[in-house]
Amino acid sequence: MLDADIKETLIENLIGQLAGLPSIGRKTAQRLAYHILAQDSSAVNELARTLTDAKSRIHACASCGNYTERETCRICGNGRRQQNMICVVEKPADILAFERSGSYLGVYHVLGGTISPLDGIGPGDLNFARLWERSRQSQVELILALNTNAEGEATASYIVQKLQGMPVRISRLARGIPVGSELEYVDELTVQRALESRVEMG
Ligand SMILES: [Zn+2]
């Protein structure tokens, strides 16, 4: 009976919303919900404002598609980074894996997903137009850092095929990364090794 007695709609809703976040189980969601409720109103308002501000002001970088609150992101705007070495990833979170390794000095291109006919995602739904444009700079190297699942492979083949005959070097990460694994969770050293021993494609 006790369980039913403490079930209040708003608390349940809060716990449900938190439990919907990645890596947050039901128990952690409960702990977070009770932590939030125990805080001052000002702290909770600040958290709510930060969430809505972040969502309304952060958008895709005009050059690479990474998250930024400016026109172009810090990485694209950094003059010390090699603008013609472009690491192609599926989503902004994948960039973190490379940045954590500290060994990559090029820039990125975020596709916004992979080609997946089963999910109704075709080339037209992804950020390819800008990639072809960037590939026309001189001496470009594209490093494909897509997941090694069927969709990642299909997307890599599509890129190689589309850029055939263009003076672009295309390589892919070495097979240090387990098949189907999510790039954003791979450790720094593995990422660094996969970058260093990248393999030229066609
Ligand atoms: Zn950028």
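Which residues in α2 meet which residues in α3? I noted before starting that this is a predicted model.

**Entry: the helix pair.** I listed the α2 side as Ile11, Glu12, Leu14, Ile15, Leu18 and Ala19. On the α3 side I found Arg26, Ala29, Gln30, Leu32, Ala33, Tyr34, Ile36 and Leu37. I then sorted this contact by class: 11 residues are nonpolar, one is polar and two are charged.

Next I looked up the geometry. I recalled that two packed helices are described by the angle between their axes and the distance between the axes. Helix α2 covers residues 9–19, and helix α3 covers residues 26–38. I read an angle of about 125 degrees, and the axes are 8 Å apart. That angle makes α2 oblique to α3. I also looked up the hand of the crossing of α2 and α3, and it is right-handed.

**Entry: domains.** I found the chain divided into domain 1, residues 2–57, and domain 2, residues 73–201. I noted 35 Å between the centres of domain 1 and domain 2, taken over C-alpha atoms.

**Entry: Glu90.** I placed Glu90 in the loop between β3 (82–89) and α6 (92–101). Is Glu90 buried or exposed? I read a relative accessible area of 10%, which is under 20%, so Glu90 counts as buried.

What does Glu90 touch, leaving aside its neighbours within four places in sequence? I found Val110, Leu111, Gly112, Gly113, Thr114, Leu146 and Asn147 in contact with Glu90. I also checked Tyr104: Glu90 and Tyr104 are 14 residues apart in sequence and 17 Å apart in space, C-alpha to C-alpha.

Conventions:
Residues are numbered from 1 along each chain as its sequence is written. This is a predicted model: local features need pLDDT of at least 70, side-chain atom pairs count only at pLDDT 80 or more; totals for chains, interfaces and linings use all residues. Side-chain values use heavy atoms; hydrogens and water are left out. Domain bounds come from an automatic or database domain assignment. Axes are lines fitted to C-alpha atoms, for helices over the stretch in contact, and angles run from 0 to 180 degrees between N-to-C directions. Helices (H or I, at least four residues) and strands (E, at least two) are DSSP runs, numbered from the N terminus. Angles under 35 degrees count as roughly parallel, over 145 as roughly antiparallel, 65 to 115 as roughly perpendicular and the rest as oblique. A crossing is left-handed if the near helix is turned anticlockwise from the far one by less than a right angle, and right-handed if clockwise. Contact means heavy atoms within 4.5 Å. Ala, Val, Leu, Ile, Met, Phe, Trp, Tyr, Cys and Pro count as nonpolar, Asp, Glu, Lys and Arg as charged, and the others, Gly among them, as polar. Buried means under 20% relative accessible area, exposed over 50%, partly exposed in between (1.4 Å probe, protein chains only).
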